[in-house]
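In these notebook entries I record what I looked up in one structure, entry by entry. I give each term its cut-offs where I first use the term.

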Amino acid sequence: MGLRDKTQRKFVEFFENMARMYEGAEFEVAYSQIQRDTGSANSTLKRALRTMVEEGVLEIQLGRNSRYGRFRYLAYQPPVKTSEPENLAKAIQTHEMMPGDTPETQAHAEGEGHEHDVQAFADLKLDVQELVHLTNHLMRRVRHQEMTIALLQDRIAELEDKLYKK
């Protein structure tokens, strides 16, 4: 039984984001994190991973224990960094609007010394992309720590219950 398109997309997006974060290298992640990020059940997770391996999109190996897996997203396409500044330079020369441009940036691009502005804009764009990547990574770490704290609180509550029953 195959996966629905929506479910398949969730898993593909998750592994694309992880592959982008690790720049196509192998990465280790908890199965529970995949479930949380994709919003899927355990059986759906297993079926999706099996389907992705069969399709040759994903490679899975054992992780540090049974709750973790080492993954390699085989469909990872590294971003081409040379084409974006070229497209930007071409758009500035032809006075075209790029996605996300405002009339102010368009007017500024038409001014003198736009070669320097193109490089500065490309550098700024790369910095923003890196910042977004780091922010996403930090949010994952915070989420993981929140889950750890919740588990510890549950365990403390269990121990308190046992202590008060005696």
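**Entry 1: Glu28 and its partner.** I looked up Glu28 and found it partly exposed, with a relative accessible area of 22%. I then found that the side chains of Glu28 and Arg64 meet in a salt bridge, at 3.1 Å from N to O. A salt bridge here is a side-chain nitrogen of Lys or Arg within 4 Å of a carboxyl oxygen of Asp or Glu. Glu28 belongs to strand S1, whereas Arg64 sits in the loop between strand S2 (58–62) and S3, so I noted a pair that links distant parts of the chain, 36 residues apart. Helices (H or I, at least four residues) and strands (E, at least two) are DSSP runs, numbered from the N terminus. Arg64 counts as exposed, at 58% relative accessibility.

**Entry 2: the source.** I noted that this is a predicted model, in which local features need pLDDT of at least 70 and side-chain atom pairs count only at pLDDT 80 or more, while totals for chains, interfaces and linings use all residues. Residues are numbered from 1 along each chain as its sequence is written, and side-chain values use heavy atoms, with hydrogens and water left out.

**Entry 3: the other salt bridges.** How many salt bridges does the rule give? I recorded a count of 6. Arg70 forms one with Glu26, with the closest N and O atoms 3.0 Å apart. This pair links distant parts of the chain, as Arg70 is in strand S3 and Glu26 in the loop between H1 and S1, 44 residues apart. Glu26 also forms a salt bridge with Arg72, where the closest N and O atoms are 3.9 Å apart. Here too distant parts are linked: Arg72 is in strand S3, and the two residues are 46 residues apart. I checked the accessibility of these residues: Glu26 is partly exposed at 22%, Arg70 is partly exposed at 27%, and Arg72 is partly exposed at 32%. Glu26, Glu59, Arg70 and Arg72 are linked in a network of salt bridges. As a general point, side chains of opposite charge can pair when their charged atoms come close.

**Entry 4: the chain as a whole.** I counted 6 helices and 3 strands in the secondary structure. Along the sequence the pattern reads α-β-α-α-β-β-α-α-α. Of the 166 residues in the chain, 23% are buried.

**Entry 5: the core.** Which residues have the most contacts inside the largest nonpolar core? I found Phe15, Ile34, Met52, Phe71 and Tyr73, in a core of 20 residues. Helix H1 (5–21), strand S1 (27–30), helix H3 (42–54) and strand S3 (68–73) each supply at least two residues of this core. H1 gives the most, with 7 residues. A nonpolar core is a set of buried Ala, Val, Leu, Ile, Met, Phe, Trp, Tyr and Cys residues joined through side-chain atoms within 4.5 Å. In soluble globular proteins, nonpolar side chains tend to be buried together.

**Entry 6: Ile34 and helix H2.** Leaving aside neighbours within four places in sequence, I found Ile34 in contact (heavy atoms within 4.5 Å) with Phe11, Phe14, Phe15, Val29, Gly39, Leu45 and Phe71. In helix H2 (residues 31–38), the residues Gln33, Ile34 and Thr38 are buried. Seen down the axis of H2, its buried residues fall within an arc of 120°, so they line one face of the helix. The arc is that of the directions from the helix axis to the C-beta atoms. Just after H2, Gly39 takes a positive phi of about 70°.

**Entry 7: Met18.** I located Met18 in helix H1. Is Met18 buried or exposed? Met18 is buried, with a relative accessible area of 2%. With neighbours within four places in sequence left aside, Met18 is in contact with Phe27, Val29 and Arg140. Met18 and Arg72 are 54 residues apart in sequence and 9.4 Å apart in space, C-alpha to C-alpha.

Terms used
Buried means under 20% relative accessible area, exposed over 50%, partly exposed in between (1.4 Å probe, protein chains only).
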